[in-house]
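Subject: Structure handover

Hello,

The sequence and structure are below for you to look through. My notes on what was found follow after them.

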Amino acid sequence: MQITANIKQTDALYSTKRTILQKLDIAPRVTFDLTLKVPLSDKVLPFLRLANVNNAELLKSLTPEQLKQPISEVNEAASLAMLRSHLQTKLDGYRTTIDEDTSRQRATLSAFSPKPKKSAHEGMVETNHNRATLFKRS
């Protein structure tokens with residue numbers, strides 16, 4: 001899955017943030033690849049932490065290395081909320097839920113399973129046998 005994030009040029013601290021991002025080898029607009037093996041690259045949280053800094057004095061005192069750790073509880077909460085929002089947007093793009101997909105998959109698999117077909121066929125054979133027996137008696 002990919003998420004794209006950016007620091008807007010209209011951000012009053014854009015220039016300083018861009019300089020710090022360059023030191024981290026991250027662009028102001030970036031697409032992160034999230035996978036099961038690497039759910040968060042080492043650049044996602046530093047980017048989001050920096051994006052959520054609103055204080056010029058704090059920003060000037062930050063080093064790229066400090067962004068690898070939480071800056072403050074408020075900043076970390078805002079950064080994680082931003083990540084959650086990106087992920088929720090991706091999730092909302094799907095037409096069905098995982099539960100619906102699982103139910104459909106089970107229904108599809110049972111349609112191809114020989115057991116229901118076999119049971120249906122056995123029932124048809126038995127019904128036709130009973131009809132034939134009744135027909136012979138009359």
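A pocket here is an open set of grid points with protein on both sides within 12 Å along at least five of seven lines, and a residue counts as lining when it has an atom within 4 Å of a point. Please keep in mind that this is a predicted model.

The largest pocket holds about 150 Å³ of space. Its lining is made up of Leu 91, Tyr 94, Thr 96, Thr 97, Ile 98 and Asp 101. Sorted by type, the lining has three nonpolar residues, two polar ones and one charged.

Thr 89 is part of helix α4, which covers residues 73-92. Is Thr 89 buried or exposed? Thr 89 has a relative accessibility of 55%, and the cut-off for exposed is over 50%, so Thr 89 counts as exposed. A polar atom of the Thr 89 side chain lies 2.9 Å from the backbone oxygen of Ser 85. Ile 3 is 86 residues away from Thr 89 along the chain, yet their C-alpha atoms are separated by 9.5 Å.

Now the chain as a whole. The protein chain has six helices and two strands, and their order along the sequence is β-α-β-α-α-α-α-α. Of its 138 residues, 23% are buried. Among contacts with a separation of 6 or more, 57% are between residues 24 or more positions apart. The accessible surface of the chain is about 10600 Å², and carbon and sulfur atoms account for 55% of that surface.

Regards

Technical notes
Residues are numbered from 1 along each chain as its sequence is written. This is a predicted model: local features need pLDDT of at least 70, side-chain atom pairs count only at pLDDT 80 or more; totals for chains, interfaces and linings use all residues. Side-chain values use heavy atoms; hydrogens and water are left out. On a 1 Å grid over the protein atoms alone, a cavity is a set of points where a 1.4 Å probe fits but cannot get out, and a pocket is an open set with protein on both sides within 12 Å along at least five of seven lines; lining residues have an atom within 4 Å of a point. Grid points are joined across faces, edges and corners, and a volume is the space filled by probe spheres set on the points. Ala, Val, Leu, Ile, Met, Phe, Trp, Tyr, Cys and Pro count as nonpolar, Asp, Glu, Lys and Arg as charged, and the others, Gly among them, as polar. Helices (H or I, at least four residues) and strands (E, at least two) are DSSP runs, numbered from the N terminus. Buried means under 20% relative accessible area, exposed over 50%, partly exposed in between (1.4 Å probe, protein chains only). A polar contact is a pair of N or O atoms within 3.5 Å; within protein, one must be able to donate a hydrogen and the other to accept it, and residues adjacent in sequence count only if both atoms are side-chain atoms. Contact means heavy atoms within 4.5 Å. Accessible areas come from the Shrake-Rupley method with a 1.4 Å probe; for residues, only the protein chains shown count as cover.
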